Amino acid sequence: MKTRMPLIAGLSLLVGAVAACSNPTETSETDSAEAAPSVLTIYSSRHYDSDKALYAQFEEATGAKVDVREAGASQLLETMKAESDQSPADIIIAADAGSLWRFKDAGLTQALDSDTLRNKVPANYRAADGHWYGFARRMRGIAFDPSRWSAEDLQTWDTLAAEDKAGEICVRSSSNIYNLSLMGELIHRLGTEGAQTWATAIVGNMARNPQGGDTDQIRAIAAGECSIAIVNHYYWIRLGASEKEADQEVAAQTSFVFPEFSEGSGSHVNITGAAISATADDLELAESFLNFLLTENGQTYLTTETKELPLLPDGPLPEGVDRLPVFVASDTPMDVYGENQAEAQRLFDLAGWN
Ligand code: FE
């Protein structure tokens with residue numbers, strides 16, 4: 001990470017957001033006493049108390065009311081397809097660029113042309129056509145047993161394909177979006193053939209059939225089932241930050257590395273992002289919410305509990321992430337994850353990665 005800034009007072013930024021959002025509709029101020037507040041309906045695949053605090057802050061700043069529906073991303077996708085042009089959704093929040101791509105691919109999002117967002121969100125962390133933007137960063141990397149390997153042994157993804165990793169790798173199923181997006185970048189970097197060779201070698205080196213979630217893979221290292229786990233960084237950080245001693249022990253027994261694709265390529269990054277729904281009625285309010293996510297407060301509430309990293313380079317870092325190694329982020333456009341998604345699943349299937 002290039003910058004590690006302490007949490008500084010976000011008051012000035014919040015005040016800026018209030019000023020920018022205080023008049024989200026064209027209705028005249030004199031009518032506001034009688035007018036019902038504008039409602040922003042958010043469909044979110046996240047389930048965190050800190051998100052509730054985030055929405056409350058936005059309500060306070062704008063006078064709008066936030067109505068949230070939380071469910072898994074695929075459930076929200078099916079719901080929106082069924083609701084069609086009657087969907088009340090204004091904003092879609094999802095973890096993983098590959099997930100946001102699915103909403104866009106189903107015609108459920110709309111482009112937002114915003115200089116503010118374009119200036120703040122690096123080009124590779126948003127859809128080129130403006131259909132979604134990233135607001136917090138999350139990285140898929142490798143947790144490992146430091147008594148078996150050093151970070152130098154695991155500098156690139158292809159080190160996992162080597163024979164000395166036979167029976168050492170734990171990873172979840174291939175249909176999981178995090179694996180599909182990682183594979184999307186591998187296809188982009190290595191080509192179809194290279195990516196398939198990689199996936200086949202990983203299957204050959206697995207300690208067990210894919211099962212469970214990312215945290216289960218890290219626990220499996222501590223339990224001696226494997227010595228390498230492909231997981232998102234925040235699961236490892238959360239174990240270390242847990243109040244349970246057993247979780248802290250698992251974190252203490254493992255290390256973490258952000259492998260590159262080749263030397264100097266940078267490491268795989270993903271995002272929690274948001275899109276404006278195709279059916280959003282108050283575009284100004286929807287846009288002001290996205291701008292709010294990039295204020296100091298927005299960045300803080302998005303990341304404190306999740307242990308993601310802020311998107312803004314000087315954003316406040318959540319407690320515990322200072323355990324992570326320094327990394328350089330890949331500049332691969334995240335549109336690639338969606339575009340390669342079907343191919344990624346096809347290659348995983350061919351490799352026998354369940
Ligand atoms: Fe996750």
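Author: Let us begin with a term: a salt bridge is a side-chain nitrogen of Lys or Arg within 4 Å of a carboxyl oxygen of Asp or Glu. This is a predicted model, in which local features need pLDDT of at least 70, side-chain atom pairs count only at pLDDT 80 or more, and totals for chains, interfaces and linings use all residues. Residues are numbered from 1 along each chain as its sequence is written, and side-chain values use heavy atoms, with hydrogens and water left out.

Reader: How many salt bridges does the structure hold?
Author: The structure holds 17 salt bridges. In general, side chains of opposite charge can pair when their charged atoms come close.

Reader: Which residues are linked in a network of them?
Author: The network links Arg-46, Asp-51, Arg-138 and Glu-308. Within it, the side chains of Arg-46 and Asp-51 meet in a salt bridge, at 2.8 Å from N to O.

Reader: Are Arg-46 and Asp-51 buried or exposed?
Author: Arg-46 counts as buried because its relative accessibility is 3%, and Asp-51 counts as buried at 1%. Here buried means under 20% relative accessible area, exposed means over 50%, and partly exposed lies in between (1.4 Å probe, protein chains only).

Reader: What about Lys-104; where does it lie, and what does its salt bridge tie together?
Author: Lys-104 forms a salt bridge with Asp-129, at 2.8 Å from N to O. Lys-104 lies in helix H4 (residues 97-105) and Asp-129 in the loop between helix H5 (115-120) and strand S5 (133-138), so the pair ties together parts that are 25 residues apart in sequence. Helices (H or I, at least four residues) and strands (E, at least two) are DSSP runs, numbered from the N terminus. Lys-104 is partly exposed, with a relative accessible area of 24%, and Asp-129 is partly exposed at 36%.

Reader: And which residue forms a salt bridge with Glu-185?
Author: That residue is Arg-189, with the closest N and O atoms 3.2 Å apart. Glu-185 and Arg-189 are separated by about one helical turn because they are four residues apart in helix H6. Glu-185 counts as buried at 0% relative accessibility, whereas Arg-189 counts as partly exposed at 30%.

Reader: New topic: what coordinates the iron ion?
Author: The iron ion is coordinated by the OH atoms of Tyr-178, Tyr-234 and Tyr-235, at 1.9 to 2.1 Å. Donors are N, O and S atoms within 2.8 Å of the metal (3.2 Å for Na, K and Ca); water is not among the atoms, so sites may look incomplete. Along the chain, the donors of the iron ion follow the spacing Y-x55-Y-Y. Tyr-178 in helix H6 and Tyr-235 in helix H8 are 57 residues apart, a pair that links distant parts of the chain. Both Tyr-178 and Tyr-235 are buried.

Reader: How does H7 pass H8?
Author: H7 passes H8 in a right-handed crossing. A crossing is left-handed if the near helix is turned anticlockwise from the far one by less than a right angle, and right-handed if clockwise. The contact (heavy atoms within 4.5 Å) is made by Asp-214, Thr-215, Ile-218 and Arg-219 of H7 and Tyr-235, Trp-236 and Leu-239 of H8.

Reader: Which residues of H7 are buried?
Author: In helix H7 (residues 214-222), the buried residues are Asp-214, Thr-215, Gln-217, Ile-218, Ala-220 and Ile-221. What covers them includes strand S6 (140-144), helix H6 (177-205) and helix H8 (233-241). Just after H7, Gly-224 takes a positive phi of about 85°.

Reader: Which residue other than glycine has a positive phi?
Author: Ser-84 is one of them, with phi near 50°, and Asp-96 is another, at about 95°. Most residues other than glycine have a negative phi. Ser-84 lies in the loop between helix H3 (73-83) and strand S3 (91-95), while Asp-96 is found in the loop between S3 and H4. Ser-84 counts as partly exposed at 41% relative accessibility, whereas Asp-96 counts as buried at 1%.

Reader: Finally, where is Leu-154 placed?
Author: Leu-154 is in the loop between S6 and S7, and it is buried, with a relative accessible area of 0%. Leaving aside its neighbours within four places in sequence, Leu-154 is in contact with residues including Ile-142, Phe-144 and Trp-149.
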